[in-house]
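The report below is meant for a reader who meets this structure for the first time. It goes from single residues to the chain as a whole.

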Amino acid sequence: MTPLEGLALLCVLAGAAVFAVGAWGLVRLDDFYARLHGVSIAAGLGTPLLLLGLLLWFPTVENAVKIGLALLVQLATAAVGGNALARAGYLAGTPAAPHTRRDALAEADRAPHREQD
């Protein structure tokens, strides 16, 4: 095994470990919002590690372009998708865990609104 293949294997294993922790968080965390946060973080970190491992394992220009585009799409959509899912859950009335201390969106709704000039 070459050093490049060893580094590729390390990246792939690290990405798989991040996804495993995200899956454990999906089962273990208290409410919808915490679970969604855990999965979003795992997708944002695990996918680039896996893609980097693939690029190191098969280092060609064609693969670099494909993996670069996949990484760009993943990083551009993961945060937006996670935010959209959290907002949809909030607007649907999904309850938060009982130990949640603050609801900033509810506080913003109760605050007096300024008139726009």
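## Residues and overall form

Ala104 is partly exposed, with a relative accessible area of 42%, where buried means under 20% relative accessible area, exposed means over 50% and partly exposed lies in between, with a 1.4 Å probe and protein chains only. Ala104 has its place in helix α4, which covers residues 104-110, and its C-alpha atom is separated by 38 Å from that of Leu13, 91 residues away along the chain.

This is a predicted model, in which local features need pLDDT of at least 70 and side-chain atom pairs count only at pLDDT 80 or more, while totals for chains, interfaces and linings use all residues. Residues are numbered from 1 along each chain as its sequence is written, and side-chain values use heavy atoms, with hydrogens and water left out.

The secondary structure of the chain amounts to four helices and zero strands, and the order of the elements from the N terminus on is α-α-α-α. Helices (H or I, at least four residues) and strands (E, at least two) are DSSP runs that are numbered from the N terminus.

Helix α3 spans residues 61-91 and includes Gln74, and both Gly82 and Asn83 lie in helix α3 as well. The table gives the accessibility of these residues.

| Residue | Relative accessible area | Class |
|---|---|---|
| Gln74 | 18% | buried |
| Gly82 | 11% | buried |
| Asn83 | 52% | exposed |

Leaving aside residues up to four places away in sequence, Gln74 touches Ala43, Gly44 and Thr47, a contact being heavy atoms within 4.5 Å. Gly82, with residues up to four places away in sequence again not counted, touches Leu36 and Ser40. The C-alpha atoms of Gly82 and Tyr33 are separated by 9.7 Å, although these residues are 49 residues apart along the chain. Asn83 and Leu105 are 22 residues apart in sequence, and their distance in space is 14 Å, C-alpha to C-alpha.

The partners are Phe32 and Tyr33, whose rings are edge-to-face at 5.2 Å centre to centre, with 80° between the planes. Rings of Phe, Tyr and Trp (its six-membered ring) pair if their centres lie within 6.5 Å, and planes under 30 degrees apart count as stacked, over 60 as edge-to-face and the rest as tilted. Phe32 counts as partly exposed because its relative accessibility is 29%, and Tyr33 is likewise partly exposed, with a relative accessible area of 21%.

For the chain as a whole, the radius of gyration is 19 Å, whereas a compact globule of 117 residues would have one near 13 Å; the radius is taken over C-alpha atoms, and the globule rule is 2.2 Å times the number of residues to the power 0.38. Along the principal axes, the C-alpha atoms of the chain fill a box of roughly 65 × 40 × 20 Å. Of the 117 residues in the chain, 20% are buried. Among the contacts in the chain with a separation of 6 or more, 72% are between residues 24 or more positions apart.
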